[in-house]
Amino acid sequence: MRVAVVTEALGPDARPDQDDAMVQAEAVVAALDALGHAHCSMSFAGDIHALVDEIRRQRIDVVFNLVESVDGRGEVVDLVPAALECAGVPCTGSGAAAMRLAAGKLGTKARLRACSLPTPDWSTSDVTLGEPTGRWVVKSVWEHGSLGLEADCVVEAEDAAQLSREIDVRRTRLGGSAFAERYVHGREFNLGMLASGSGVEHLPVAEISFGGDDSGEPWIVGYRAKWHAGSVEDLATPRCFGLRPEDAPLVTTMRALAEATWREFGLAGYARVDLRVDERGAPWIIDVNTNPCLSPDAGFAAALAEAGIPFSSAIERILGAALYCA
Ligand SMILES: Nc1ncnc2c1ncn2[C@@H]1O[C@H](COP(=O)(O)OP(=O)(O)O)[C@@H](O)[C@H]1O
Ligand SMILES: [Mg+2]
């Protein structure tokens with residue numbers, strides 16, 4: 001089998017979150033070597049015809065898609081799977097429709113609500129669901145990896161006009177489109193899922209520990225926490241496994257929500273759903289990640305290790321899902 005590992009074409013001023021695709025590619029290539037699959041690497045700069053021509057020329061059987069943005073823009077992340085679907089080339093991870101849906105957080109939230117899956121209220125510059133007062137987190141619509149997001153994105157609003165201003169002043173740093181989501185001050189969980197036959201296998205649930213600091217300061221896994229290893233923010237948000245026995249009912253509920261999200265969004269291959277739990281113990285979906293990061297130090301690889309699934313076996317399963325479950 002011949003695999004093309006496709007990443008975003010990066011310039012010298014790529015951000016750390018974009019550079020991470022190369023770390024993922026290295027890990028995937030090492031797994032492909034271990035599995036004995038022939039492979040080559042391709043970078044995608046936005047020209048779908050050039051990509052499809054190269055794939056045909058190199059007689060590629062399946063694409064391992066690690067493209068998370070095009071020219072640094074998450075809004076067009078579905079370009080690669082859409083082009084490959086048109087060309088009839090199998091591609092790992094979620095398909096174009098699911099990628100497009102999950103790429104935008106407003107569309108994601110609207111779909112979650114439409115499916116009666118819990119996601120916090122939200123507000124754009126035009127419309128607010130629920131009361132405008134209280135604590136909100138201003139987030140990017142299209143960008144991921146906490147781009148532009150730090151604790152100062154958690155704001156207290158007195159009315160709709162102020163909330164709208166809080167969104168406006170952060171718009172540029174958040175990649176050009178922003179909205180506010182009701183801030184949930186509580187435990188944060190990552191639920192990784194791997195395709196298994198026609199369903200999913202749940203990986204061990206990871207919790208981000210905020211160290212029990214309850215001074216009221218916002219608990220946020222921001223850009224520095226994710227991409228500046230060793231920073232104060234990184235060290236303050238360690239990931240841990242091994243939940244307490246009394247968390248078992250919560251885990252069951254969260255897994256049901258994550259699996260329902262997988263089904264409703266038509267996710268494929270591998271995915272991660274992130275939740276926050278409020279002071280009443282109710283879980284809220286805050287993020288749906290198609291094709292989550294596969295870097296060795298990121299959450300998905302950690303959850304595989306915790307489950308005792310070798311990284312290369314997971315890569316083989318992701319390839320299998322692309323080839324046989326499309
Ligand atoms: N509604 C929320 N309440 C509390 N914290 C949130 C909320 N939304 C996001 N966060 C924090 O911000 C981080 C990044 O937000 P997220 O929506 O996952 O965006 P990204 O796609 O950039 O990962 C989350 O991991 C969490 O720590
Ligand atoms: Mg997230």
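## Pairing of β4 and β7

Strands β4 and β7 (residues 178–182) run antiparallel and are joined by 2 bridges; two strands count as paired if DSSP finds at least two bridges between them. Within β7, Ala180 is the bridge partner of Ser123. This is a predicted model, in which local features need pLDDT of at least 70, side-chain atom pairs count only at pLDDT 80 or more, and totals for chains, interfaces and linings use all residues. Residues are numbered from 1 along each chain as its sequence is written, while chains are lettered from A and ligands numbered from 1 in the order in which they are written.

The open sheet comprises 4 strands in the order β4-β7-β5-β6, with antiparallel pairing. Its edge strands, β4 (122–123) and β6 (154–157), each pair on one side only. Helices (H or I, at least four residues) and strands (E, at least two) are DSSP runs, numbered from the N terminus.

Helix α6 (residues 160–170) lies across β4, β5 (134–140), β6 and β7, and runs at about 130 degrees to β7. Such angles run from 0 to 180 degrees between N-to-C directions, with axes fitted as lines to C-alpha atoms, for helices over the stretch in contact.

Pro81 belongs to helix α3 (residues 79–87). Pro81 is buried because 26 other C-beta atoms lie within 10 Å (buried: 20 or more; exposed: 12 or fewer; partly exposed: in between; C-beta atoms placed from the backbone). Beyond four places in sequence, Pro81 touches Asn65, Cys91, Gly95, Ala96 and Met99, contact being C-beta atoms, placed from the backbone, within 7 Å.

Arg100, in helix α4 (residues 96–103), is partly exposed, with 19 other C-beta atoms within 10 Å.

Conventions: Contact = placed C-beta atoms within 7 Å.
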